[in-house]
Amino acid sequence: MYNPTLIHHGAVDGVTGSCHQYFLDDQHSLLIDCGLFQGIEQGRGKAGADSAQIDFPLDGIRALLLTHVHIDHAGRIPYLIAAGFKGPIYCSKASALLLPLVLEDALKMGITRDEKLINGFIQAISRQLRPCDYNSWYEVEGGPQATQIRFQNAGHILGSAYIEIRHQTPSTHPDQQQGWYKAVFSGDLGARDTPLLPDPTPLEDADLLVLESTYGDRNHQDRKQRQQRLQQVLEKALSDNGTVLIPAFSIGRTQELLYELEDIIHRMKGQAIHQGLTWQQLDIIVDSPLAANFTQVYQQLKQFWDEEARQKLQSGRHPLQFEQLLTVKSHDDHQKVVQHLAGTGRPAIVIAASGMCAGGRVVNYLKALLGSARNQIVFIGYQARGTPGAALLQHAKNGGELKLDGETYPVRAEVLQLSGYSAHADQQDLMRFVSQMHKAPAQIRLVHGDTAAKLELKRKLEAKGHSVVIG
Ligand SMILES: [Zn+2]
């Protein structure tokens with residue numbers, strides 16, 4: 001049995017820095033994703049502290065295949081280009097529209113604020129982009145072996161895909177027959193019933209399945225009641241006014257949240273949260289230029305929305321653009337809003353990035369809001385080890401302090417975590433993704449998960465008779 005070589009340059013012992021090199025033969029390979037390390041995983045890789053640097057040779061890499069545009073899957077692309085990668089970058093059509101926004105943001109954060117440089121860079125990358133339709137096979141340019149790829153909807157964020165790679169196996173002996181081999185990289189798989197997005201497309205078959213395992217040891221609870229719980233949490237939080245801060249990824253989570261909030265406000269039309277405040281008077285603030293730009297592109301790409309979202313549009317509703325929604329773009333406005341909210345206690349819901357509080361505008365809100373019991377911090381997403389988000393959840397249990405930018409802040413605000421809103425498939429979803437295949441894969445390799453999650457998912461899959469390898 002043919003056994004292809006696979007090198008993981010990230011997201012093998014943890015969940016960030018996704019980058020896998022898949023060898024088609026001894027010399028030729030494909031790169032799947034090129035993401036940044038985050039949190040405790042930042043010091044990983046041979047490059048040590050400067051883990052963004054590309055620390056592997058680029059010879060023979062025919063193409064980069066991108067599953068989706070989250071920074072932990074796409075954030076190292078500028079470094080890849082800087083290291084000399086000139087090959088094509090294949091991704092879904094929606095990802096091709098979203099990627100320049102992500103990279104512009106990443107460049108501004110980490111490399112340069114020079115607009116001219118950034119524009120030149122984005123244009124250069126655009127020439128390397130090869131946007132692909134879902135569910136269509138494409139021939140990978142260059143290289144000696146016939147190699148085809150297909151993007152399938154992964155239901156994780158707009159444009160997200162799992163990628164099927166079909167190629168001729170190298171013949172090790174002149175007489176040996178060449179055969180076809182199919183490897184599939186799951187990227188990040190979405191959970192069922194994600195707001196706004198269709199469920200992942202079922203995978204038919206694969207010889208090798210490289211599967212994410214973020215929630216390999218857990219199931220999301222109460223997915224059906226999650227909107228109700230969101231509403232309850234918000235009503236309780238707002239009962240003494242103050243600010244509800246929701247740290248969220250600009251890409252995907254922010255739009256899902258807006259979609260849910262619009263639905264709550266629509267249902268609760270005319271009803272009061274408490275005396276003196278109705279749902280319709282409540283300010284919903286998205287404080288992130290990137291999130292605002294993304295929301296715009298999400299609105300343009302309605303063809304990728306799920307059935308329910310499109311029906312709402314038809315009935316005249318605007319799930320991502322409603323009346324009380326305020327977007328903060330400039331840094332000056334951002335500072336004013338932070339001060340205003342901290343000073344007045346005016347009730348508001350603020351959505352700001354980053355989702356794990358590792359940087360971005362959410363940090364300024366935390367500094368200003370953590371000290372008052374009137375405010376709430378509501379986490380809806382995964383908090384990677386070593387991030388301030390994870391620390392805050394921990395401190396919330398013990399009561400305590402949080403270090404931000406070297407300074408200590410007392411935590412008096414209530415810190416809550418809402419489950420059921422994960423953008424990742426849970427254990428049941430992952431098991432179903434495998435079980436619904438027409439033919440079991442010869443091998444499953446688990447990546448993108450903490451050790452406990454991988455071990456538990458491995459045990460579950462093996463109990464169903466699958467051959468499973470970790471990493
Ligand atoms: Zn992702």
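Trainee: Which residues touch the most other members in the largest nonpolar core?

Mentor: Think of a nonpolar core as buried residues joined through their side-chain atoms. This is a predicted model, and its largest core has 76 residues, where V69, I77 and I284 touch the most other members.

Trainee: Okay, and which helix gives the most to this core?

Mentor: That's helix α3, residues 93-110, with eight residues. The core also reaches into two domains: at least three residues come from each of domain 1 (6-218 + 423-470) and domain 2 (226-417).

Trainee: Let's zoom in on one residue. What is I77 in contact with, leaving aside its neighbours within four places in sequence?

Mentor: Go through the list and find each one in the structure: C34, L64, L66, I89, L99, L103 and I125. A second, separate one has 26 residues, including A348, A352, V362 and L366.

Trainee: Now the rings. How many aromatic pairs does the structure hold?

Mentor: Four. To read a pair, check the distance between the ring centres and then the angle between the planes; over 60 degrees counts as edge-to-face. Take Y2 and Y181: their centres are 4.9 Å apart and their planes are at 85°, so this pair is edge-to-face.

Trainee: Where do Y2 and Y181 lie?

Mentor: Y2 is in the segment before β1 (6-10), while Y181 belongs to strand β10 (residues 180-185), so the pair ties together parts that are 179 residues apart in sequence.

Trainee: Is Y181 buried or exposed?

Mentor: Compare the relative accessible area with the cut-off: under 20% means buried. Y181 has 5% relative accessibility, so this residue counts as buried.

Trainee: One last thing: which residue lies over the face of W137?

Mentor: Here you look for the end of a Lys or Arg side chain over a ring. For W137, the answer is R166, at 3.9 Å from the ring centre.

How values were computed
Residues are numbered from 1 along each chain as its sequence is written. This is a predicted model: local features need pLDDT of at least 70, side-chain atom pairs count only at pLDDT 80 or more; totals for chains, interfaces and linings use all residues. Side-chain values use heavy atoms; hydrogens and water are left out. Rings of Phe, Tyr and Trp (its six-membered ring) pair if their centres lie within 6.5 Å; planes under 30 degrees apart count as stacked, over 60 as edge-to-face and the rest as tilted. Helices (H or I, at least four residues) and strands (E, at least two) are DSSP runs, numbered from the N terminus. Buried means under 20% relative accessible area, exposed over 50%, partly exposed in between (1.4 Å probe, protein chains only). A charge sits over a ring if NZ of Lys or CZ of Arg is within 6 Å of the ring centre and within 35 degrees of the ring normal. A nonpolar core is a set of buried Ala, Val, Leu, Ile, Met, Phe, Trp, Tyr and Cys residues joined through side-chain atoms within 4.5 Å. Domain bounds come from an automatic or database domain assignment. Contact means heavy atoms within 4.5 Å.
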